[in-house]
Amino acid sequence: MKLRLGQYPAAIAQAAQHVNELEQNIAEIRQHLARLEGNADRVVAFETALKNDNQRKARRFEVLQVNHEYSRAIDALNRAVTEKANALAHLEHLRNEFSSTTYRFRVS
């Protein structure tokens, strides 16, 4: 769907705002993941049977793997990153169309 020349600035601004909202959502998900990882680190830190870093890393991995909230957050992050990539592509498409339309308008 082609927009009229005057419609592009608002459409571009709206698309950019959507990208910003997705970026904020991604940051919130990453912060949530960091809290969950911090909790896993805390659990591992108090397990005295773990003798070295490799055992602690393996145990941390196990703790996170059984945490359904962590799995859901990872899935949400993957979806949000994909959605942001699509939103950026849409924004770039609008900018290119606007640039092309503006160029044709000036040449005519």
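Of the 108 residues in the chain, 24% count as buried, meaning under 20% relative accessible area with a 1.4 Å probe and protein chains only as cover. This is a predicted model, in which local features need pLDDT of at least 70, side-chain atom pairs count only at pLDDT 80 or more, and totals for chains, interfaces and linings use all residues. Residues are numbered from 1 along each chain as its sequence is written, and side-chain values use heavy atoms, with hydrogens and water left out.

The chain holds three helices and zero strands, assigned as DSSP runs (H or I, at least four residues, for helices; E, at least two, for strands). Its C-alpha atoms fill a box of roughly 75 × 20 × 15 Å along the principal axes.

Let me turn to the cores. A nonpolar core here is a set of buried Ala, Val, Leu, Ile, Met, Phe, Trp, Tyr and Cys residues joined through side-chain atoms within 4.5 Å. The largest has 13 residues, of which Ile-29, Leu-33, Tyr-70 and Leu-77 touch the most other members. Helix 1 (8–45), helix 2 (53–65) and helix 3 (68–107) each give two or more residues to this core, and helix 1 gives the most, with six.

Which residues does Leu-33 contact, leaving aside neighbours within four places in sequence? They are Tyr-70, Ala-73, Ile-74 and Leu-77, where contact means heavy atoms within 4.5 Å.

Key:
Buried means under 20% relative accessible area, exposed over 50%, partly exposed in between (1.4 Å probe, protein chains only).
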